[in-house]
Amino acid sequence: MAGGGFTVDAPSSGFDGKITLSVIITCIVAASSGLIFGYDVGVSGGVTTMVPFLKKFFPAILRNAATAEVNMYCVYDSQMLTLFTSSLYLAGLVSSLLASRVTAALGRRTTIMLGGAIFLAGGAINGGSENIAMLILGRILLGLGVGFTNQAAPLYLSEIAPPKWRGAFNTGFQFFLGVGVVAAGCINYGTAKHTWDWRLSLGLAVVPAAVMTIGAFLITDTPSSLVERGKIDQARKALHKVRGSTTDVEPELEELIRWSEIAKSVEQEPFMTIFERQYRPHLVMAFAIPFFQQLTGINIVAFYSPNLFQSVGLGNDAALLSAIILGLVNLASILISTAFVDRFGRRFLFITGGILMFVCQIAVSVLLAVVTGVHGTKDISNDNAILVLVLLCLYAAGFGWSWGPLTWLIPSEIFPLKIRTTGQSIAVGVQFITLFVLSQTFLTMLCNFKFGAFLFYGAWIAVMTIFIIFFLPETKGIALESMYTIWGKHWFWRRFVKGVDQDNLP
């Protein structure tokens, strides 16, 4: 592979498996878990531009908008408004850490159903909210639900998919997340003229939650999870179902049993095991990948894109429509990732997406600085506002084929069985806590940094792209049980796994 010691070759697997109708349906149902997170991302930014919603809960923002002295960057600077958005992520942090034990004890499928049911309750409360306390309570329940599903669904997809096509199947989670964002944007746009608009937008969160929860009843748990819990006969049936009834699944089942027995022989608590030196590369990736994803700024742009486009000169309807356009571009680019992630590899998509995002963030920053002035007090023309939209669409495209789907894929495929649920919980927890801090501070940062906010994210994108180039080995086509080999052949990480008995890794 590529020179310089940054990518390595490793055995793929003796159990590549076929793409069967059953595995496709199963993965689609599991990936639909992304709907609830995506719907929330899309709906949160939209309702915060709706006048009836602001009048009922955040009237100070309407007063700011009517005040000529407030510059365009500061109209939506409200700590209570950002708390409405970011409270979900604190709850998600808590539930994602709890989900490690739940997923190991009850299985991936049951955790997905549990998350869907909790999210459904939160959506119902939000739709019927009469005060800020009800809003926040609903958001907390939404967060608890999202924490469970974000932890379990990517694991499910990586474990159930054939190794050769694991990347493509895993991107389905991000694809459905994108569908949720677009659906929420369309609903926001369609209801924005009515006094009850925000109730419908928030309350309809129960629909994707119900779809996902009911769908989970129709699929089997992953063979790895069933073996881990001692349900060997059910694991055999699950393998026959997803690999094909004529396929000899016994060799793969025996391999899963062997790895499960090795994992169980390690008596140490998984949260302690993961901090051992031999798992340092895995742990760094579990922290770095989700942390860097949030510092691309994508979710901040998604949350606040209606506010942002309204601030830079587009009207309310145009702002909501622009957010839909942004979501559609992101959705289309995820399909690019699905098509190429198992052909060109994870690193190629990370690097090309990172370069495009960096260029777009710098361009947006320069454009806003030149057009609106250093203090953001000059009016921006409609043509320049559209140019901002075009640049952000290109930025969303770069994200859609790189940091969007791959952030779910990498942590779900690199950990050995014993610490797989723990590693995924850490990755999702890091994502939530970073998202909480950024969403709580973005509007204030936009108000104070002005166009510099985009320079801030651009600089981080440069850092993370360099990190990928030097420190992330290629994982495409490698079986989960053979994934340990990539670290021993990597120019930097091999020092941490040198001398470790690879046959007895948990």
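Helices here are DSSP runs of at least four residues, numbered from the N terminus. I keep that in mind for every entry below. The model I am reading is predicted.

**Entry 1: Q278**

I looked up Q278 to begin. Q278 sits in the loop between α14 (270-273) and α15 (280-294). Is Q278 buried or exposed? Its relative accessibility is 19%, so I note Q278 as buried. The cut-off for buried is under 20%. I then checked its side chain. The side chains of Q278 and E276 are joined by a polar contact of 2.9 Å.

**Entry 2: salt bridges**

Next I turned to charge pairs. Side chains of opposite charge can pair when their charged atoms come close. How many salt bridges does a search of the whole structure find? I noted 14.

I picked out E159 and R420. Their side chains form a salt bridge, 3.0 Å from N to O. E159 has a relative accessible area of 6%, so I wrote it down as buried. R420 has 2% relative accessibility, so R420 is buried too.

Then I looked at R229 and D221. Their side chains meet in a salt bridge at 2.6 Å, N to O. D221 is buried, because its relative accessibility is 6%.

I also followed shared partners. Salt bridges join R108, E159, E228 and R420 into one network.

One more pair went into the notebook. R243 and E252 form a salt bridge between their side chains at 3.1 Å, N to O. Both of these residues are buried.

**Entry 3: R347**

I wanted a charged residue without a salt bridge. R347 is buried and has none. R347 lies in helix α18 (residues 346-372). Which side chain of opposite charge is nearest to R347? I found E474, 4.9 Å away. A salt bridge needs the nitrogen within 4 Å of a carboxyl oxygen, so E474 does not count as a partner at that distance.

What does the side chain of R347 reach? I found the backbone oxygen of I468, at 3.0 Å. I found the backbone oxygen of I469 as well, 3.2 Å from a polar atom of the R347 side chain.

**Entry 4: patches on the surface**

Last, I went to the surface. R277, R494, R495 and K498 gather there in a patch of positive charge. R494 is placed in helix α24 (residues 494-497). Its relative accessible area is 45%, so I recorded R494 as partly exposed. Patch members need over 30% relative accessible area and no salt bridge.

I noted a nonpolar patch too. Which residues form it? They are I19, I24, I28 and W165. Together they have about 330 Å² of accessible area. I24 is in helix α1 (residues 21-31). With 32% relative accessibility, I24 is partly exposed.

Conventions: Residues numbered from 1 in each chain as written. Predicted model: local features only at pLDDT ≥ 70, side-chain atom pairs only at ≥ 80, totals over all residues. Heavy atoms only, no water. Patch = residues over 30% accessible without salt bridge, like charges linked within 9 Å, V, L, I, M, F, W, Y side chains within 5 Å. Areas by Shrake-Rupley, 256 points an atom, 1.4 Å probe, with all protein chains shown as cover. Lys, Arg positive; Asp, Glu negative; His and termini not counted. Charge placed at Lys NZ, Arg CZ, Asp CG, Glu CD. Helix = DSSP H or I, 4+ residues; strand = E, 2+ residues; numbered from the N terminus. Buried < 20%, exposed > 50% of the residue type's maximum accessible area, 1.4 Å probe, protein only. Polar contact = N/O pair within 3.5 Å; in protein donor to acceptor, adjacent residues only side chain to side chain.
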